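Colleague: I am new to this structure and would like a close look at a single part of it. Please take the aromatic rings and their surroundings, and go on from there to the neighbouring helices.

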Amino acid sequence: MTNQRIRSPRFIVGLIASMLCLATVAQAGPPLICHSIEIGQARSLPRTSHSWNLSGGETYDTRNLVRDTLEILGPDTPVLVRMETLRRATLYARKDPSAAKELLARLHARATSAESSGHADALAWFDVGYLTETYKQWIGQNLPHMTDGMRMDNNPASGVDGYALVKKAIALRGSDPQMEFAAAMITLSGPQEEHRQYALKALAGAKTDSLLAQNLASRFIGPQTETISELLAKNSTAN
């Protein structure tokens, strides 16, 4: 590592943010925000920074956020790609309260419309639920060490039980280890028994899902941290 890199303000700020983000895991911090999901070459919202830069790309026009997100979340988009897309959408949404509110409303309208027509859509309900949970971990939270002084707006997902919607999606979907992985991440701080069941199903499903296995083998933040599978297993057996 060169002296120039060590002195770089961007590098130092990034390192501090990573350490603080890691420290929040044991304190019910924002794991849905801190940890990026590996999606291979799949299309998602643009990411123009390293995973530690939790403000998202600075050049993305959030006026396109709702349109771009809805286009990506099509019926054939895998759950892992949905998770990362909704994570990135949340990073951008904190900078644009109008877009944040509209995105949640549009996803909810899509899910309720499908259900009203007699064709309940598990993926649509998953999108609403997972976005709600990522919003709760990021929007309206006082996180000065990770948001670089960004304003703290009201959370449009306040009062919405996103986890319940994800459980509804799993019930509609049936066996889906990627969706159960998402539920395990949401329930890192409980309820413990439900978390344990989701973690076990995700770990079992990874045997035949190489991308899920890659995500479980990834480290939360940095080479010195535990892997996601270790994090899930630890929380599954904690008293």
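Modeller: What follows goes through the aromatic pairs, then the charges over rings, and then a few helices.

The model is predicted, so a word on confidence comes first, because pLDDT is the predictor's confidence in each residue. The chain has a mean pLDDT of 82, and 74% of its residues reach 70 or more. Residues 1–29 have a pLDDT below 50, although this stretch has 31 contacts in the model beyond near neighbours in sequence. Where pLDDT is low, the predicted coordinates should not be read in detail.

Now the rings. A pair of aromatic rings is described by the distance of the centres and the angle of the planes. The count for this model comes to 3 aromatic pairs. One of them is Y60 with Y92: the ring centres are 4.6 Å apart and the planes stand at 40°, so the pair is tilted. This pair links distant parts of the chain, with Y60 in the loop between α3 and α4 and Y92 in helix α5, 32 residues apart. Y60 counts as buried because its relative accessibility is 14%, under the cut-off of 20%. Y92 is also buried, at 2% relative accessibility.

F126 and Y130 form another aromatic pair, and this one is stacked, with 5.4 Å from centre to centre and 20° between the planes. Both residues belong to helix α7 (residues 122–138); they are 4 residues apart, so about one helical turn separates them. An α-helix has 3.6 residues a turn, so residues three or four places apart point the same way. F126 is buried at 0% relative accessibility, and Y130 is buried at 2%.

R94 lies over the face of W138, 5.3 Å from the ring centre. The side chain of R94 also reaches the backbone oxygen of W138, at 2.4 Å. R94 itself is in the loop between α5 and α6, and it is buried, with a relative accessible area of 5%. In another place, the charged end of K168 sits over the ring of W125, 4.0 Å from its centre.

Helix α5, where Y92 lies, also holds T85. T85 is buried at 0% relative accessibility. A polar atom of the T85 side chain lies 2.8 Å from the backbone oxygen of V81. Leaving out residues up to four places away in sequence, T85 touches R43, S44, L45, T69, I72 and L73.

Helix α10 (residues 177–186) is mostly covered, with 9 of its 10 residues buried. Among the buried residues are E180, A183, A184 and M185. At the start of α10, a side-chain oxygen of D176 comes to within 3.1 Å of the backbone nitrogen of Q178. Y198 lies in helix α11 (residues 192–205) and is buried, with a relative accessible area of 11%. Beyond its neighbours within four places in sequence, Y198 is in contact with Y163, K167, I170, E180, A183, A184 and T187. The C-alpha atoms of Y198 and M185 are separated by 8.9 Å, and the two residues are 13 apart along the chain.

Methods. Residues are numbered from 1 along each chain as its sequence is written. This is a predicted model: local features need pLDDT of at least 70, side-chain atom pairs count only at pLDDT 80 or more; totals for chains, interfaces and linings use all residues. Side-chain values use heavy atoms; hydrogens and water are left out. Helices (H or I, at least four residues) and strands (E, at least two) are DSSP runs, numbered from the N terminus. Buried means under 20% relative accessible area, exposed over 50%, partly exposed in between (1.4 Å probe, protein chains only). Contact means heavy atoms within 4.5 Å. pLDDT is the predictor's confidence in each residue, from 0 to 100. Rings of Phe, Tyr and Trp (its six-membered ring) pair if their centres lie within 6.5 Å; planes under 30 degrees apart count as stacked, over 60 as edge-to-face and the rest as tilted. A charge sits over a ring if NZ of Lys or CZ of Arg is within 6 Å of the ring centre and within 35 degrees of the ring normal. A polar contact is a pair of N or O atoms within 3.5 Å; within protein, one must be able to donate a hydrogen and the other to accept it, and residues adjacent in sequence count only if both atoms are side-chain atoms.
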